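Reader: Please show me how to read a structure, one feature at a time.

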Amino acid sequence: MKLFFDMEFTGLHKETTPISLGIVSEDGKRFYAEFTDYDENQCDDWIKENVISELLYDTEKWYEGIADREMHDNKQAISHALKDWLQQFDEIQFVSDVCHYDFVLLIDLLTNGGTALDLPENISAVCHDLNMDIARHFHVSDREAFDMSREQIMNDLCGSEDIVTGDKHNSLYDAEVIRAIWKEIGNV
């Protein structure tokens, strides 16, 4: 089973901490979590304006049922809930977009500080990166693909039934966009 995910975090550096996690499976199951213990001191103005502002807890956007499993808690509680939620899948291949930081943070969450070698056997230690699919599809370099708007790609390529709405930099919405694009160009 492919699980499309996105994480938002406090910056592009080795001490970064997770802010939120959104996962959508191929068959539409959803997991969404917002971390209460991210390091606020690492959040620059861009993160505050574009990521923190898109968190759902304590807003009218948060509602029970936003996902099959949703939570607002600390890293340890989210780790436990995520591992429990993942038990419903036999084989797992994670898919993300420009996933270098995201997948390292996800591995850390799933292994309690371990490595990819410590992942459960049913989880691939390799994350599929949608950016490479975008580069291949549009015959551009990885760098050029990186600069392309994912929302524009989704709107241009996906049928109306696959176009999702939401707010960019909310991890659940971003995971939905990754899934929609993958259904069009990555599923070859």
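Reader: What does Lys168 count as, and at what relative accessibility?

Author: Buried means under 20% relative accessible area, exposed over 50%, and partly exposed in between, with a 1.4 Å probe and protein chains only. Lys168 has 45% relative accessibility, so it counts as partly exposed. Keep in mind that this is a predicted model, in which local features need pLDDT of at least 70, side-chain atom pairs count only at pLDDT 80 or more, and totals for chains, interfaces and linings use all residues. Residues are numbered from 1 along each chain as its sequence is written, and side-chain values use heavy atoms, with hydrogens and water left out.

Reader: Which side chain meets that of Lys168 in a salt bridge?

Author: Side chains of opposite charge can pair when their charged atoms come close. A salt bridge is a side-chain nitrogen of Lys or Arg within 4 Å of a carboxyl oxygen of Asp or Glu. Here Lys168 meets Glu151, at 3.8 Å from N to O. Helices (H or I, at least four residues) and strands (E, at least two) are DSSP runs, numbered from the N terminus. Glu151 sits in helix α6 and Lys168 in the loop between α6 and α7, so the pair ties together parts 17 residues apart in sequence. Glu151 counts as buried, at 16% relative accessibility.

Reader: How many salt bridges does the structure hold?

Author: It holds eight. Another of them joins Lys183 and Asp162, whose closest N and O atoms are 2.9 Å apart. This pair also links distant parts of the chain: Lys183 is in helix α7 and Asp162 is in the loop between α6 and α7, 21 residues apart. Lys183 is partly exposed at 34% relative accessibility, whereas Asp162 is buried, with a relative accessible area of 14%.

Reader: How far apart in helix α4 are Arg136 and Asp133?

Author: They are three residues apart, so about one helical turn separates them. Their side chains form a salt bridge, 3.1 Å from N to O. Arg136 is partly exposed at 44% relative accessibility, and Asp133 is buried at 3%.

Reader: Which residues of α4 are buried?

Author: In this helix, residues 130–138, the buried ones are Leu130, Asn131, Asp133, Ile134 and Ala135. After α4 comes His139, with a positive phi near 55°.

Reader: Now a strand. Why is strand β3 largely enclosed?

Author: Five of its six residues (30–35) are buried, so the rest of the structure largely encloses β3.

Reader: In which sense does β3 pair with strand β2?

Author: Two strands pair if DSSP finds at least two bridges between them. Strand β2 (residues 18–25) pairs with β3 in the antiparallel sense over five bridges.

Reader: In which sense does β3 pair with strand β4?

Author: That pairing is parallel, again over five bridges, and β4 spans residues 69–73. Phe31 has Arg69 as its bridge partner in β4. From β3 the chain crosses through helix α1 (residues 45–50) to β4, and this β-α-β crossover is right-handed. Right-handed means that, with the strands pointing away from the viewer, the path from the first strand over the helix to the second runs clockwise.
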